[in-house]
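Subject: Structure handover and findings

Hello,

My notes come after it.

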Amino acid sequence: MNDVTRIRFDETWRRTFGATTDTAASTARRDSRLQARHAHELEAHGIARRARGPGTSVNVPFTVIEEKEGALRQRFSLWTFEANNAIEADGYKASVPLEHVSKHLSAVHAECGSTRDFRCGFYGLAIPHSARGSFRFRDDADEWWELTRFPMGHTCAPEIMHTLTSTVAGHPDFVKQEHAVPSTLTVHTWVDNIRYAGSRKEVLEATRIVDDLAAQAKVTWKQADTRTASSRYEFIGVHWDHSKNKVGISAKLPKKLARDVEEVRTGAMSASGFETLGGRLLHASAIVGVLVGEVCGLSTMSASTATRGEPDDEHHML
């Protein structure tokens with residue numbers, strides 16, 4: 001890390017694992033409990049361990065059902081709401097410069113790209129033993145547990161993960177000059193995702209270095225999202241085609257939008273569903289340059305026209 005990044009990271013780390021809260025507050029949420037079978041599954045995977053009693057902060061454990069690669073799966077999260085409130089009251093503002101998706105599209109003019117995505121993401125980061133008391137929760141069998149790996153529900157989690165990812169990737173904004181990728185190579189990081197774009201030679205070299213660093217750190221990549229010096233791939237919800245200098249919406253998005261439209265048509269969509277739909281439409285419009293209201297006419301754009309909203313010859317319908 002360069003000096004600026006190191007100072008910021010150390011401060012964020014201190015806020016994350018050094019925060020203390022008043023555990024007498026928010027008693028209504030103190031009884032939020034996880035099913036015991038889920039707690040034992042977390043223990044089996046090394047994500048949680050048994051604890052002796054309440055910790056230094058009140059947390060809310062919960063699970064959600066999500067779709068991943070065409071199948072449903074259950075995801076665990078720990079909402080560290082008391083610690084989050086204390087950290088934000090202390091003046092913390094997250095610094096995660098993701099930028100709008102449209103800012104990344106010009107990279108499609110490069111010869112090729114490589115993508116990497118950490119397999120474990122947030123769970124790849126161990127919580128220091130001295131701080132685990134702030135990450136405790138109870139199950140419905142009245143047993144206490146504490147996390148050993150970092151949860152997504154912490155307010156500092158995205159910044160910490162994004163900074164670590166950007167450092168491993170050699171992003172020039174985060175590392176010292178001697179460790180940065182060449183200025184002729186484009187590197188984009190998105191929390192725990194990495195993409196290089198440039199000449200095949202430079203992309204292959206940068207990919208080799210980041211793979212070596214990952215091996216040294218004993219972290220692995222998601223194989224389904226790993227592409228090396230490829231002309232076609234998906235990254236941050238965008239389909240990239242370097243051979244034609246074109247970008248389009250990812251293969252997953254039209255399917256999700258089609259389901260959303262059906263829920264709207266039948267009146268089955270919830271308020272949160274409408275929020276999700278709005279976000280997906282805005283994301284798609286940034287990529288393909290269509291009006292948000294054009295739900296059934298999302299077009300594929302060349303990168304040179306995407307920011308101006310001019311349609312290309314090809315047109316894909318939902």
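The notes below go from the whole chain to single pairs of residues.

This is a predicted model: local features need pLDDT of at least 70, side-chain atom pairs count only at pLDDT 80 or more, and totals for chains, interfaces and linings use all residues. Residues are numbered from 1 along each chain as its sequence is written, and side-chain values use heavy atoms, with hydrogens and water left out.

**Whole chain**

The chain has 8 helices and 14 strands. Both are DSSP runs, numbered from the N terminus: helices are H or I with at least four residues, strands are E with at least two. Of the 318 residues, 44% are buried. Buried means under 20% relative accessible area, exposed means over 50%, and partly exposed lies in between (1.4 Å probe, protein chains only). The chain exposes about 16500 Å², and carbon and sulfur atoms supply 52% of that. Accessible areas come from the Shrake-Rupley method with a 1.4 Å probe; for residues, only the protein chains shown count as cover. Among contacts (heavy atoms within 4.5 Å) with a separation of 6 or more, 67% are between residues 24 or more positions apart.

**The four-stranded sheet**

The order is E8-E9-E5-E10, in an open sheet of 4 strands with antiparallel pairing. Strands E8 (186-190) and E10 (227-230) each have a single partner strand, so one side of each is left without a neighbour in the sheet. From one strand to the next, the twist averages 10°. Angles run from 0 to 180 degrees between N-to-C directions; axes are lines fitted to C-alpha atoms, for helices over the stretch in contact.

E8 pairs with strand E9 (residues 193-198) over 5 bridges, in the antiparallel sense. Pairing requires that DSSP finds at least two bridges between two strands. Valine 187 stands opposite tyrosine 196 in E9. Helix H4 (residues 157-169) packs on the sheet and touches E8 and E9. The direction of H4 makes about 155° with that of E8.

**Two hairpins in a row**

Strand E11 (residues 232-235) and strand E12 (residues 238-241) run antiparallel, joined by 4 bridges. Phenylalanine 235 has valine 238 in E12 as its bridge partner. This hairpin has 2 residues between the strands, and isoleucine 236 in the turn has a positive phi of about 45°.

E12 also pairs with strand E13 (residues 246-249), again antiparallel and over 4 bridges. Here aspartate 241 has lysine 246 in E13 as its bridge partner. The hairpin of E12 and E13 has 4 residues between the strands. Asparagine 245 takes a positive phi near 55° there.

**Salt bridges**

The count comes to 17 salt bridges. The rule is a side-chain nitrogen of Lys or Arg within 4 Å of a carboxyl oxygen of Asp or Glu.

Glu11, Arg14, Arg15 and Asp90 are linked in a network. Arginine 15 is buried, at 14% relative accessible area. Its salt bridge with glutamate 11 has the closest N and O atoms 3.4 Å apart. Glutamate 11 is partly exposed, at 32%.

Arginine 15 also forms a salt bridge with aspartate 90, with the closest N and O atoms 2.9 Å apart. Aspartate 90 lies in the loop between helix H3 (81-89) and strand E5 (112-117), and arginine 15 in H1, so the pair ties together parts that are 75 residues apart in sequence.

Glutamate 111 and arginine 200 meet in a salt bridge at 3.9 Å, N to O. Glutamate 111 is in the loop between H3 and E5, and arginine 200 is in helix H5 (residues 200-216), 89 residues apart. Both are partly exposed: glutamate 111 at 46%, arginine 200 at 36%.

Phe62, Val64 and Trp79 form a nonpolar surface patch with about 240 Å² of accessible area together. Patches are made of residues with over 30% relative accessible area and no salt bridge; like charges are joined within 9 Å, nonpolar side chains (Val, Leu, Ile, Met, Phe, Trp, Tyr) within 5 Å. Tryptophan 79 lies in strand E4 (residues 71-79) and is partly exposed, at 35%.

Histidine 179 lies in the loop between H4 and E8. Histidine 179 is exposed, at 54%. The C-alpha atoms of histidine 179 and methionine 1 are separated by 8.7 Å, although the two residues are 178 apart along the chain.

Best regards
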